[in-house]
Amino acid sequence: MSMFKYAVACAVATAAGAASGQVYFSDFEADGGGFTATGDWERGMPVGADGTGLGGFGGPEPVGGFSGDFVWGTVIGGLHNPGTVSSLTLNVDATSFSGLALDYYEWLDSGGNSFDTAEVYVNGDLQILADGGPTSGWRNVVLDLSAYDNMMLDIEFRFTTTTVVERVGWYLDDVAIRGVPAPSALALLGLGGLASARRRR
Ligand SMILES: [Ca+2]
């Protein structure tokens with residue numbers, strides 16, 4: 001009887017661990033994390049290029065990433081281009097997850113948010129128009145995506161620039177989507193934990 005209780009406790013612990021897990025994560029060190037880029041977005045290693053020093057306006061891009069060396073950015077090592085719509089998109093299967101959240105780090109200098117705009121869309125819906133900074137460092141952003149629980153997600157980071165005043169723009173690192181596995185997934189985890197515990201007896 002005591003062994004059975006122990007097995008149940010293991011199964012619950014396994015489920016709790018999965019509940020705090022990730023649907024998606026990339027630090028962009030090995031590759032671009034499955035994102036598709038248009039316009040100015042490129043994966044690379046920023047070197048601290050300074051907006052004003054490059055003949056534009058504002059402050060520097062980061063040196064390296066929030067994690068490691070690599071990030072996604074709007075022209076790595078240079079000013080963003082004028083009059084450009086740049087989209088960085090990712091499709092993620094979250095059909096078995098609820099309580100979804102998008103969690104990322106950004107370094108942003110768009111000189112405010114009324115001209116050049118840094119926007120995040122999910123399934124075509126605007127989630128946030130970022131404060132254009134400069135952030136003067138990496139800033140953590142967490143967006144509640146529970147309205148999209150158990151859905152396929154189309155995540156887009158969209159940077160739209162005017163034809164005047166170029167700055168270093170928008171940099172992203174450590175993008176994560178978190179969620180709680182559906183009850184069916186939890187049940188499978190629980191049964192798996194029980195079965196393996198029983199085999200060990
Ligand atoms: Ca990184």
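Good morning. Please keep in mind that the structure before you is a predicted model.

That bridge belongs to a wider arrangement. Strand 4 and strand 11 pair in the antiparallel sense, over two bridges. Strand 11 also runs antiparallel to strand 1, to which four bridges join it. Within that pairing, F25 has A176 as its partner in strand 11. What joins strand 6 to strand 11? Ten bridges do so, and these two strands are again antiparallel. For instance, V180 of strand 11 is the bridge partner of S98.

Is strand 11 largely enclosed or largely open? It is largely enclosed by the rest of the structure, because ten of its 13 residues are buried.

As a general point, nonpolar side chains in soluble globular proteins tend to be buried together. Here, the largest nonpolar core holds 32 residues, and those touching the most other members are V71, W72, V92, L153, W170, L172 and I177. Two or more residues of this core come from each of strands 1, 4, 5, 6, 7, 10 and 11. Which strand gives the most? Strand 6 does, with seven residues.

I177 shows how such a residue is surrounded. Setting aside its neighbours within four places in sequence, I177 is in contact with Q22, V23, Y24, V92, A94, L100, L102 and L153.

D174 lies in strand 11. Is D174 buried or exposed? With 21 C-beta neighbours inside 10 Å, D174 counts as buried, because the cut-off for a buried residue is 20 or more. Apart from residues up to four places away in sequence, D174 touches D27, F66, S67, Y104 and Y105. D174 and E106 are 68 residues apart in sequence, yet their C-alpha atoms are 9.0 Å apart in space.

R139, by contrast, is in strand 9, which covers residues 139–144. R139 has 15 C-beta neighbours inside 10 Å and therefore counts as partly exposed. Beyond residues up to four places away in sequence, R139 touches Y105 and E106. From R139 to Y104 the separation is 35 residues in sequence and 8.3 Å in space, C-alpha to C-alpha.

Thank you for your attention.

Technical notes: Residues numbered from 1 in each chain as written. Predicted model: local features only at pLDDT ≥ 70, side-chain atom pairs only at ≥ 80, totals over all residues. Core = buried A, V, L, I, M, F, W, Y, C linked by C-beta atoms within 7 Å. Buried ≥ 20, exposed ≤ 12 C-beta atoms within 10 Å, placed from the backbone. Contact = placed C-beta atoms within 7 Å. Pairing = 2+ DSSP bridges.
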